[in-house]
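This report covers side-chain interactions in a predicted model.

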Amino acid sequence: NNKINVLSGGTGISISNSNAPSSAHSIVANNMVSVKNISGSSAQGIACSVSAFTDFYFNNVFLYNFPDINTTAFIIEGPSGANQTNSFYNNNFTNYCGGYAIWVTSNGASFNANNNNYFTQGTDFGIWDDAKYTSLSLWTSNNLVDSNSLSVPPGYYSNTDLHDENFKLYRAGKTIAGITTDIDGKTRYSLAPDIGANEFSLTQNDVSVGAILNVPTGLSCGD
């Protein structure tokens, strides 16, 4: 449950060579990670390297500012041991710097990934073991992950306030045992939580009259 704003490039959260036991996975959850990319930085939102049984749930990540095709919202290098895995569900991985939403080096490991939202303004959606994919559909069909994931702008409040509000994220997540509240302490919907670090409610009335600029001749506002 952290709100991390990095204003000089680099990496928001970095995990390396941190192997958890299969019976007690390490969990990185309910975080908001904003990284302002600068020239020469090639920013990364969350980076995980060779860390078995380390899982990522309900994180909001955002890269912005300086364009760089080598930036990535989430980068993961899988553990090299047999039967070791990583899982990532219900995350928003967003890159407005022209790079990747996700970058995977598998090392032969397996990954469990679904119900995520990946979005990039770059040409390539993601990269998996040097193969580049230009869309979520190609990513899913070639790598057999993320069949229920999305690729939409998350609707963050600002560059540094990563509360999201895109209605497509509403109740589009997967229930994760043991994670019953969001980053703000609100209870998550038990059957289908929202994707991202925060739970939100849909706006009941999303259209209103902001101003009356002209009244036609012969018509009064009381008519």
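## Aromatic pairs

The predicted model holds 17 aromatic pairs. One of them joins Phe56 and Phe74: the ring centres lie 5.2 Å apart and the planes meet at 65°, so the pair is edge-to-face. Phe56 belongs to strand β6 (residues 54–57) and Phe74 to strand β8 (residues 72–77), so the contact ties together parts that are 18 residues apart in sequence. Both Phe56 and Phe74 are buried.

Tyr100 and Trp103 form another pair. Their ring centres are 5.2 Å apart with planes at 75°; because edge-to-face requires an angle over 60 degrees, this pair is edge-to-face too. The two residues are placed as follows. Tyr100 is buried, at 6% relative accessible area. Trp103 is partly exposed, at 23%.

## The ring cluster

Ring pairs also build a cluster. Its members are Phe56, Phe74, Phe88, Phe93, Phe111, Tyr118, Phe125, Trp128, Tyr133 and Trp139. Phe56 and Phe74, the edge-to-face pair described above, thus belong to this cluster.

## Charges over rings

Arg171 lies over the face of Tyr189, 3.8 Å from the ring centre. Lys174 places its charged end over the ring of Tyr89, at 5.8 Å from the centre.

## Asn95

Where does Asn95 lie? Asn95 is in strand β10 (residues 92–95). Asn95 is buried, because its relative accessible area is 0% and buried means under 20%.

A polar atom of the Asn95 side chain lies 2.9 Å from the backbone oxygen of Tyr100. Tyr100 is also the ring partner of Trp103. Leaving aside neighbours within four places in sequence, Asn95 is in contact with Leu63, Thr71, Thr72, Ala73, Tyr100, Phe119, Thr120 and Gln121.

## Salt bridges

How many salt bridges are there? The count comes to two.

Asp184 forms a salt bridge with Lys3, with the closest N and O atoms 3.9 Å apart. Asp184 is partly exposed, at 38% relative accessible area. Lys3 counts as exposed, at 54%.

Arg188 forms a salt bridge with Glu199, the closest N and O atoms being 2.9 Å apart. Arg188 and Glu199 are each in the segment after α1, eleven residues apart. Arg188 is buried, and so is Glu199.

Terms used. Residues are numbered from 1 along each chain as its sequence is written. This is a predicted model: local features need pLDDT of at least 70, side-chain atom pairs count only at pLDDT 80 or more; totals for chains, interfaces and linings use all residues. Side-chain values use heavy atoms; hydrogens and water are left out. Rings of Phe, Tyr and Trp (its six-membered ring) pair if their centres lie within 6.5 Å; planes under 30 degrees apart count as stacked, over 60 as edge-to-face and the rest as tilted. Helices (H or I, at least four residues) and strands (E, at least two) are DSSP runs, numbered from the N terminus. Buried means under 20% relative accessible area, exposed over 50%, partly exposed in between (1.4 Å probe, protein chains only). A charge sits over a ring if NZ of Lys or CZ of Arg is within 6 Å of the ring centre and within 35 degrees of the ring normal. A polar contact is a pair of N or O atoms within 3.5 Å; within protein, one must be able to donate a hydrogen and the other to accept it, and residues adjacent in sequence count only if both atoms are side-chain atoms. Contact means heavy atoms within 4.5 Å. A salt bridge is a side-chain nitrogen of Lys or Arg within 4 Å of a carboxyl oxygen of Asp or Glu.
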